[in-house]
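Student: I would like a close look at a single part of this assembly, the interface between the two chains. Please describe how the parts meet there and on what criteria the description rests.

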Number of protein chains: 2
Amino acid sequence: MAITPLLMLLDERVLRPRLDHADVHRPDEPDADASPVIIAGFGRAGQVVARILRARGVPFTALERDPDHLDFVRRFGSKVYFGDAGHSEVLRAAGAERARLMVLTVGDPEESARVARVVRKQFPQLPVFATARNRQHALLLKELCVLFGIRETFASSLELAEAVLGGLGVEAGQASRAVQLFREHDEQTLERQYAFRQDQDALVQSSREAADELRLLIESDEELAADTPA
Amino acid sequence: MAITPLLMLLDERVLRPRLDHADVHRPDEPDADASPVIIAGFGRAGQVVARILRARGVPFTALERDPDHLDFVRRFGSKVYFGDAGHSEVLRAAGAERARLMVLTVGDPEESARVARVVRKQFPQLPVFATARNRQHALLLKELCVLFGIRETFASSLELAEAVLGGLGVEAGQASRAVQLFREHDEQTLERQYAFRQDQDALVQSSREAADELRLLIESDEELAADTPA
């Protein structure tokens, strides 16, 4: 991969043929009318948000590094940066100083946190709305002042559970309430984990954290079970 | 990995120390009182469903192959098979003949489809409720008669989009309606893809399918945009 410090462009031998007709702006050619939304990471979640913004006519600028998503980005016809959102110059050129918010849908937790750190430091006025891979990632994003962070498989898992309860003969309203109760309980548990995390030494090993998390989840689930009618 | 035909047990050198105190049943020791629910795949989605079932006191039997999830499975204290749900003997021993439903939360699309095929063939009476990785996986599961299949990041992506619209100043009710409209539109598009897929030669290359999917998505999103007030 040939990487230039500013652009982090993907290898031109790969990109060139695909980009000929795409509406590609270079981060070193700042744009007068910046989009109100920057989408960092154009995978499954980023694409859904982008399609909803598009349906409402809200312009966005997408930053994506994975060549697998290039076709989708390109066909979208929006402003596209094939850049690394973890670089402040790339973010600045994408309009981070004037954008109203960032959608952070980078799948890899470490990469996602790297972007969030740069935003917090360089563009502290830019609210970040994110997906997290799992609980640990969600906690990390919260620490990095991400305004909204939802675990990427959480909501679908709840819908699946509700359907499963229905399949077991639980009446619809009751299934819905059971899942809602669990959601509130689980989100409160996440808040407790967050408070606990901040009390801890920052360098606790992640394996230790996972064991603590498991114990906390099981204990707090038991409280919920005790409160739930069979 | 030492694999026995029946169990597909993970390497005993890895498993043995962990299993000593776990409530592990072997699929070759069929259980008189089978659980009403079999959970195949105990990753993020499977764990959420399991915790909700547990809160309601619904027994389940989990089948998992990934050693990363063993600790979680084990601490759960339920009946655990470290087995491959793609083998009918394993499923039978897990109680597939008497179970009321299967939760299929195997992440890898090919592996997930393999399990669904075995269930359809060997246990056609067993309703399957599943998560899908993406649209193609969702379509495949539908073909395999999976009763309920939700894309694993879809619902969280919609919630993220709703929060983003809120962050852009869109009034809450309007943001909620926009996202609901998009959801209905997207699910209808999936139905159209499904109908289209059945008309096609079964051996269309997947890259061709991806291009078709993209064109269909963009065209149908344009219809939605035309119907949506700015």
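Tutor: The account below goes from the conventions to the interface as a whole, and then to its helix pairs.

This is a predicted model, in which local features need pLDDT of at least 70, side-chain atom pairs count only at pLDDT 80 or more, and totals for chains, interfaces and linings use all residues. Residues are numbered from 1 along each chain as its sequence is written, chains are lettered from A and ligands numbered from 1 in the order in which they are written, and side-chain values use heavy atoms, with hydrogens and water left out.

Chain A brings 63 residues to the contact and chain B brings 62, where contact means heavy atoms within 4.5 Å. Because 98% of the interface residues of chain A are also interface residues in chain B, the copies meet through the same surface. About 5600 Å² is buried between the chains, and carbon and sulfur atoms give 66% of this area; buried area is the accessible area (1.4 Å probe) that two parts lose on being put together, summed over both. On the side of chain A, Arg44(A), Arg51(A) and Arg56(A) lose the most area to chain B, together 15% of what that side buries.

Turning to the helices, these are DSSP runs of H or I with at least four residues, numbered from the N terminus. Helix α7 of chain A (residues 154-167) packs on helix α7 of chain B (residues 154-167) at about 125°, with the axes 5 Å apart. Axes are lines fitted to C-alpha atoms over the stretch in contact, and angles run from 0 to 180 degrees between N-to-C directions. The angle makes α7(A) oblique to α7(B), since angles under 35 degrees count as roughly parallel, over 145 as roughly antiparallel, 65 to 115 as roughly perpendicular and the rest as oblique. Phe154(A), Ala155(A), Ser156(A) and Glu159(A) meet Phe154(B), Ala155(B), Ser156(B) and Glu159(B) in this contact.

Helix α2 of chain A (residues 44-55) also packs on α7(B), at about 45° and with the axes 9 Å apart, which means that α2(A) is oblique to α7(B). From α2(A) come Arg44(A), Ala45(A), Val48(A), Val49(A), Ile52(A) and Leu53(A), while the residues of α7(B) include Phe154(B), Leu158(B), Ala161(B) and Leu165(B). By class, this contact has 11 nonpolar, 1 polar and 1 charged residues (Ala, Val, Leu, Ile, Met, Phe, Trp, Tyr, Cys and Pro count as nonpolar, Asp, Glu, Lys and Arg as charged, and the others, Gly among them, as polar). The α7(A) and α7(B) contact has 4 nonpolar, 2 polar and 2 charged residues.

Technical notes: Helices (H or I, at least four residues) and strands (E, at least two) are DSSP runs, numbered from the N terminus.
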